[in-house]
Amino acid sequence: MWWWRLERTRQAIFSMAFFLQHSMRVCAAVVAILQCGVSAAATGEPHNTPPGSLYPQFSWDTVPLFWHSSDDSGPFNATELDFIQRFPLVTIEKGQSIRKPPVSQDAEDKIVAAAKQIKTRNATVKVLMYTNAVMDWSMYKLHAYCEQHQEMWFHNEMGKPVLIFGQQVFDVRPEANRRVWINDLLTADKSGYIDGAFVDRGLFALDIRTANISEETWKEYLLAHDKHMLEIQQAMGPDKIIISNNKDYDGVSARMFERFFLKDFDGNKPYADLLALMHEGNMSHIAEAHASPCTEDVFNVTLAAFLLGAEKYAYYGCTDGWSVNTGWLTWREEYSQKLGVPTSQPTTIRTARGYCRNGTANRESYASTSPFWEKLKVHARKVEFKRHRISHWIDEYKTSYPDEASPILARVFSTGTCVTVDFNTDPPTSCIAWTGGKVTGSPICLQTV
């Protein structure tokens, strides 16, 4: 329909304006990928970013990590604060101090108080506030407002409220409602301790039959939802981090993969999730790759996949949930292993067996006759001229590569740390040979050929 196309055009125009100030970064990434095939992360840029800029601190010295959790019992204690200081990018979840009076109320104030605790110790940590673009969580002050102004809630054609897990849904179609939502975030931002927001339900799915919503109403809502996501970034400003959960927006600075690589909520298979992570780096977006549940097998393969696809400002995490007792206070041995700058993009190899065993001397013999990265360059170039939308990019990937033999990919880092992932098995088989001698996952990459 004409209005759908008109709205997409408007979003594209806004996206272009938002990213003008980052154009040099984007151009550098595109040149590195489409011309040289060399990682944008390996350009020799400084590891750290000056305070006051959009991006968090970043280093390739070890695995770059993020932290996203809360302590429902009250303010962070000294042990928790010591641990959180290790992470350059932190999100305070909705459950922060939820059991502290006023119980299950004033989440915005409690999150700001926690952010102040962290910032007081280390002002360089980027601290974000958890928000939800769709679900009206009852512990927020915004919910109390909505109870008094029920036009804030989404109703179906029968006049009944649309619920998700028993909770009200924001009606973001009216501009006035979107402004109320954004003003709640801006009020927290005025504290000076908030560097942006994690926006849950960036990818919004709903069974419209159960909700008794017409297809026309649903399309109208989705358009308003996308507009809302862009307006959040616009209102907060270009130097504030807005993380969209499970969906990429050209005009939004960051994206989380909530269940990266294995059964991700975006519906993509492991191979497509890897491509999507690489695309985030190519667009100079901040990316969070979260693996869950964090069993040993899940940890091994998702960490390897992350290292294959990560560019600068990509961060990893592996936990079983979002409270501090679900893994957010666990430091794995791999997190202290030496990594180094990537020496290339992922390389297609014939076999993972022994690839990491003999350093670089013998790796030319492993080269595949059908290089994955060469095909990806052609594919990325085609889609860049199309719509610049990651959703379209992944859809193109699904239709362009359905029958190809699954690749075996490898990547080497400047310390000698070496990673391989074999996509011919389900789940993929991974091997990380750290420069210090530790092996994560299958030892196949160190076995004799």
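Modeller: Buried means under 20% relative accessible area, exposed over 50%, and partly exposed in between, with a 1.4 Å probe and protein chains only. By that cut-off cysteine 146 is buried, because its relative accessibility is 0%. Before we go on: this is a predicted model, where local features need pLDDT of at least 70, side-chain atom pairs count only at pLDDT 80 or more, and totals for chains, interfaces and linings use all residues. Residues are numbered from 1 along each chain as its sequence is written, and side-chain values use heavy atoms, with hydrogens and water left out.

Colleague: Fine. What is the strand order in the open sheet?

Modeller: The open sheet has eight strands in the order E1-E2-E3-E6-E7-E8-E9-E10, with parallel pairing. Strand E1 (67-69) and E10 stand at the edges with a single partner strand each, so one side of each has no neighbour in the sheet. From one strand to the next the twist averages 20°.

Colleague: And how are strands, pairs and angles defined here?

Modeller: Helices (H or I, at least four residues) and strands (E, at least two) are DSSP runs numbered from the N terminus. Two strands pair if DSSP finds at least two bridges between them. Axes are lines fitted to C-alpha atoms, for helices over the stretch in contact, and angles run from 0 to 180 degrees between N-to-C directions.

Colleague: Zoom in on E8. Are its faces buried or exposed?

Modeller: Both faces of E8 (residues 254-257) are covered: Ala254 and Met256 are buried on one side, Arg255 and Phe257 on the other.

Colleague: How many bridges does E8 make with E7 and with E9?

Modeller: Three with strand E7 (residues 241-245), in the parallel sense, and four with strand E9 (residues 286-291), also parallel. Arginine 255 has a bridge partner in each direction: serine 244 and, in E9, alanine 287. Asparagine 245 stands opposite methionine 256 in E8.

Colleague: What span should H4 have, and what does the model give?

Modeller: The expected span is 1.5 Å times one less than the number of residues. For the 15 residues of H4 that should be 21 Å, and the end C-alpha atoms are 22 Å apart, which agrees.

Colleague: Which H4 residues are buried, and what covers them?

Modeller: Among them are Ala107, Glu108, Lys110, Ile111, Val112, Ala114, Ala115 and Ile118. The cover includes helix H3 (78-84), E2, E3, helix H5 (141-148) and helix H6 (175-189).

Colleague: New topic. How many disulfides?

Modeller: Three, where a disulfide is a pair of cysteine sulfur atoms within 2.5 Å. Counting bonded cysteines along the chain, the pattern is 1-2, 3-4, 5-6.

Colleague: Take me through them. Where do the cysteines sit?

Modeller: Cysteine 294 and cysteine 318 are joined with S to S 2.0 Å. Cysteine 294 is in the loop between E9 and helix H10 (296-309) and cysteine 318 in strand E10 (residues 314-318), 24 residues apart. Next, cysteine 356 is joined to cysteine 418, S to S 2.0 Å. Cysteine 356 lies in the loop between strand E11 (347-349) and helix H11 (372-384), and cysteine 418 in strand E13 (residues 418-422), so this pair ties together parts 62 residues apart in sequence. Then cysteine 431 and cysteine 445 have their sulfur atoms 1.8 Å apart. Cysteine 431 is in strand E14 (residues 429-433) and cysteine 445 in the segment after strand E15 (439-441), 14 residues apart.

Colleague: Right-handed or left-handed for cysteine 294 and cysteine 318?

Modeller: Right-handed, because the torsion about the S-S bond is about 120°. The link of cysteine 356 and cysteine 418 is left-handed, with -70°.

Methods. Contact means heavy atoms within 4.5 Å.
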